[in-house]
Amino acid sequence: MLRASQINSCGFCVDYHTKDAVVAGESATRLHLVAAWRESTVFTDAERAALALAEEGTRIADGHHGVSDETWTEVRKHYDDDQTVALVSLVAMINANNRLNVIVRKPGGSYQPGMFTGMAN
């Protein structure tokens, strides 16, 4: 979610996902390197496959033709059918959320971890 939000310049979502990741125990180093994941050593092969899927699924309008065969091969190597469906759904949903927030100009900086917890119930 963080990588797609970075690509889409959704300040609110970058703020949201970064702060939630910190609360969940993610390291600052890994969070700072998400934008440069291809040139980083802190991500597993499975995480790299998911990041590639997120990028290629997000950059469709940039002249990409969907997700490459190479990326699909890597995704399928690390994720089963249900996990792959979950990843694809997550990429689609975060892209939709990014567009909504960018369209209505929702800026980053105001998110407080847990502020949407009650909405799920």
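What percentage of the 121 residues in the protein chain do buried residues make up? They make up 32%, where buried means under 20% relative accessible area with a 1.4 Å probe, counting protein chains only. Keep in mind that this is a predicted model: local features need pLDDT of at least 70, side-chain atom pairs count only at pLDDT 80 or more, and totals for chains, interfaces and linings use all residues. Residues are numbered from 1 along each chain as its sequence is written, and side-chain values use heavy atoms, with hydrogens and water left out.

**Fold and overall shape**
- The protein chain has 6 helices and 0 strands, with helices being DSSP runs of H or I of at least four residues and strands runs of E of at least two, numbered from the N terminus.
- The C-alpha trace spans about 40 × 30 × 30 Å along its principal axes.
- Of the contacts (heavy atoms within 4.5 Å) with a separation of 6 or more, 62% link residues 24 or more positions apart.

**Surface**

**A look at Thr58**
- Thr58 sits in helix α4, which covers residues 45-58.
- With a relative accessible area of 6%, Thr58 counts as buried.
- Setting aside neighbours within four places in sequence, Thr58 is in contact with Ala4, Ile7, Asn8, Val91, Asn95 and Arg99.

Notes: Buried < 20%, exposed > 50% of the residue type's maximum accessible area, 1.4 Å probe, protein only.
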